[in-house]
Amino acid sequence: VLRCSPLRWLPVCNELTASRKYFARAVLACPPNLSWKVWLAGGRMELNAGRDNIARKFFEKAFEQVPEKNKANVFLECSRLEDFEGNTELGRAILWKARQDCPVEWKVYLESVMLEIRAGRREKAIEIAQLALKVHNGTGRLWAVLVQLSQIDGDEVQTRVLRDALKEVPKSGEVWCEGARIHLNPFSPTFDLVKAKRYLSFARQFTPQYGDSFLESLRLELLCFLVVPLAKAKQQGMVSFSKQMVDKNLNAVLINKAIMTKTMDEVQNIFGPYKNQGFSFSFSHERVVDTTSLQLRCVNADPNYGTMWFHCRQRPTDTAKAVLHRAQSLLTRDLAMYAPIYVASLLRRYGVTSALRHERRQPPDEESDEWEAALEARLRSAPQLGEEVGGKEEGRVFRMNGGNVTGSDFLTGLFDLNTHIPTQELSPMARRKLLFGSDL
C-alpha cells in the first residue's frame, strides 16, 4: 500500500474504483473459458492495492473456472500469494499439488525450485530441479537454474553440470548464459573473458528474448573497457616475473604460489588499502563506454524475461534501452566497488598462462584443444583467489571493505541480486516485485 497523504491517495482510489468496474464488465463480457484470466488480473490488482484477502478470493474464483490445460497458471499465482503473505509452507503445498495435477507443465517445477531458493533451502532446490529434469530434460531454464545452484560445490562440479546441460539442450540461451557467468566469475579458476564473450554470443543467438544475456554482455563490455586496462598496465610485469620463476627451474607448485603472491602485491599497489573499511574507487568520467551496438541488438531482440532483466526493469512499460541504461549504472557501481577482485583474477591468469607458455619453450598452438586443456588444468591446480585467506576449511574468500566476498557473490553480474535475503524481510514492494514481477 502506498504511504502518502489522503489527498495524494484519493486519485489512486478513484482509479482503482474505475478499474474494478472495467474488470467486472470484462468478466461478464468475455467467453467462459477465458474468464479465469480476468479473475487473475483482478486479483493482482487487489494485491497491489493491499487487499490480500480479496485477491485470494479472486484467485479461488479463477481456479473454479480455469480449463484443465491452464490450471498450472492459477496454481502458480496462488502459491506466490501465500509466499507473499509469509505462508511458505502453504505455498509449498500448493506447488506440490500442482506437480501432481500438472506434471507436463515445467513452470510448476521451476517455481518450486525458486520457492526453495527464496527460503534458503539450496539442497531441496537442487533435489526438485533434478527431479524436474527427469520429466523435462529438454527445458533449458531448469538446466540453467541447476547450473547456478551448483556453484557452491566448486568450479569443477559446476562445469560438469554445464556440460551435461549442453548435451541435452545445446541451443538453450539460458544455459549458455550460465556458462558465460562461470567464466565471468572472478573466483572461478577458469575466469576467461574471451570464452565468456563466445558463450554470450551463442546465448543471444539461440534465445534473443532472454534479457540476462544482454545484461551480462554489457557487464563484459564494461569490464573490458573499465577494468581490463588496470590489469593490462601490470601484465608485462607479471609475464616477466613468471618467466623468471620458470628459469629458476622451480616446480609448478612453487611457481604458481609465487605468481599468486605477486598478484596480490600488484593489486595492493594499484588499489592501496582495499581490505580496509570504506574502500572507494571510481572510474574516470572521461571514459565513456560506447554500448551503441549492444543497444541496437537488444532493442531489435526486445527481451522480456530474466532475473537480472526484471531487477533492472522498474516498470512493465520500460523499454529495452531504459533497462540497459539502468543496468549500466548498477554494473558500473559494482565494478568500481569490486575492481580489486577482477584485477586479481586477470593478473593471476596472465601469470599462469605466461609460465605455461614459457615452460614449453616452443610457441604453442593456442587455438588447439591440447593447449586449452593444458591451460585449464594448470589454472585449476594453481592457488585460487582467496585461498590465502579462507583456505580449504573456510572456503575461498576475499577480504575487502571490512568483510568477506566469495564466488557466490558473483553468480550474476549484480552483487545485490546475489545476496540472499529472506522474503519476509523485504519491503512489501520488493516482495511484490520478486514474486509477481516475472513472466511465469
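Here are a few notes on helices and cysteines in this structure.

1. A word on the model: it is predicted, with local features needing pLDDT of at least 70 and side-chain atom pairs counting only at pLDDT 80 or more, while totals for chains, interfaces and linings use all residues. Residues are numbered from 1 along each chain as its sequence is written, and side-chain values use heavy atoms, leaving out hydrogens and water.

2. Let's start with helix α5, residues 88–101. Helices here are DSSP runs of H or I with at least four residues, numbered from the N terminus. The 14 residues of α5 reach 20 Å from first C-alpha to last, close to the 20 Å expected at 1.5 Å a residue (1.5 Å times one less than the number of residues).

3. Which residues of α5 are buried? They are G91, R92, I94, L95, A98 and R99, where buried means under 20% relative accessible area with a 1.4 Å probe, protein chains only. These residues lie on the same side of α5, because they cover an arc of only 160° around the axis, taken from the directions from the helix axis to the C-beta atoms. Their cover includes α4 (71–85) and α6 (106–118).

4. There are zero disulfides, counting pairs of cysteine sulfur atoms within 2.5 Å. For C30, the nearest cysteine sulfur belongs to C78, 18 Å away. C78 has its closest cysteine sulfur in C102, and 12 Å is too far for a bond. With a relative accessible area of 17%, C78 is buried.

Key: Helices (H or I, at least four residues) and strands (E, at least two) are DSSP runs, numbered from the N terminus. Buried means under 20% relative accessible area, exposed over 50%, partly exposed in between (1.4 Å probe, protein chains only). Contact means heavy atoms within 4.5 Å.
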